[in-house]
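Hi everyone, thanks for making time. Let me put a chain up on the screen and walk you through its charged pairs.

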Amino acid sequence: MAETILERGGPETGAHPRPVPRKLTLGRRILRNWQLYLLISPVVLYYIVFHYVPMYGLQIAFKDFVANKGIWGSAWVGFDHFQRFFNSYFFQRLITNTIGLGLYTLALGFPIPIILALLMNEVQSQKFKKFVQTVTYAPHFLSTVVVVGMMMMFLNPRYGLVNTFLGMFGVKPVNFLADPSWFKTLYVLSDVWQTMGWSSIIYLAALAGVDNQLHEAARVDGATRLQRIWHINLPGIRPTIVILLILNLGSVMSIGFEKVLLMQNTLNMQSSDIIDTYVYRSGILDADYSFSAAVGLFSTVINFILLISVNWISKRFSGSSLW
């Protein structure tokens, strides 16, 4: 074979020739597995074209960008845009709302898919299990516009279903979408409703890999169903939970921009204004491209630092990490 060499024993040993693996070059590995490289090439091209090539434009965050001068022709201003953002009136509000909404979403939205997967894994009736899966998966395929439209209809203070139900108990109509104190709760609960079923698929796949012999041994020892879930299922999917927790913590500053923008209005701006919506207003509406690029880069750097830090902590204390 082209990839092996023969190692022969001495005449006194009478050993038979045996193949010894020879290290393949990168070109040979690509040729040998060209189907796999061809299969992954669209994904690689997507990330190169839409994620890495645009990084060239990040330098405008350090320049006073003028469109007719181009990126190279615009003057360098260093960290002036960052200082302007740090000293702005909106800085504290944006950071508080962004981190608060991100942590709220993580605290409520991360464990619920795990609980849902554990419950569905214990269901014996396949028909009922498929019905629950269909009901919980379906909201994932609704667009953000449809979800927000449903919220506006259900929460309408005059004819909304929620206020009509509350009125039956003598509660006065509440304009939920105009009340800043309700914004984060509405955002998180609707997000959990839309994503919990789809997010549970990963945990169901991990639960399928748990050795069934452990459950049989636990039943023989008299373990209850809750004890088996706690001592067998949860430890079995712990690496998956840790990896997804790292990814979620690493994107705590990246909240769903479209949904926040659709739910946002002048009355709830105090609670709904986040970094992404501020970047949209500064960059698209006000055409302040350099400043908006600086604000967006700041948010990305914070996410990167969080990802590296959480991954290091997880690797040190639990042994599970992304790398």
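I'll start with the overall build and then turn to the salt bridges.

Please keep in mind that this is a predicted model. The secondary structure comes to 17 helices and four strands. For its 323 residues, a compact globule would have a radius of gyration near 20 Å, whereas this chain has 27 Å. Along the principal axes, the C-alpha atoms fill a box of roughly 95 × 70 × 35 Å. Buried residues account for 32% of the chain.

Now, the charges. There are 25 positive and 16 negative side chains, and the centres of the two sets lie 4 Å apart. How many salt bridges does the structure hold? Four.

Take Arg 84 and Asp 288, whose side chains meet at 2.9 Å, N to O. Arg 84 sits in helix H4 and Asp 288 in the loop between helices H16 and H17, so this pair ties together parts 204 residues apart in sequence. Both partners are partly exposed, Arg 84 at 42% relative accessible area and Asp 288 at 23%.

Next comes Asp 273 with Arg 93, where the closest N and O atoms are 2.8 Å apart. Asp 273 lies in the loop between H15 and H16 and Arg 93 in helix H5, so parts 180 residues apart are tied together. Is Asp 273 buried or exposed? Asp 273 is buried, at 0%, while Arg 93 is partly exposed at 24%. Arg 281 joins these two in a network of salt bridges.

Finally, Arg 225 pairs with Glu 122 at 3.5 Å, linking helix H12 to helix H6 across 103 residues. Here Glu 122 is buried at 12%, and Arg 225 is partly exposed at 43%.

How values were computed. Residues numbered from 1 in each chain as written. Predicted model: local features only at pLDDT ≥ 70, side-chain atom pairs only at ≥ 80, totals over all residues. Heavy atoms only, no water. Helix = DSSP H or I, 4+ residues; strand = E, 2+ residues; numbered from the N terminus. Rg over C-alpha atoms; globule rule 2.2 N^0.38 Å. Buried < 20%, exposed > 50% of the residue type's maximum accessible area, 1.4 Å probe, protein only. Lys, Arg positive; Asp, Glu negative; His and termini not counted. Charge placed at Lys NZ, Arg CZ, Asp CG, Glu CD.
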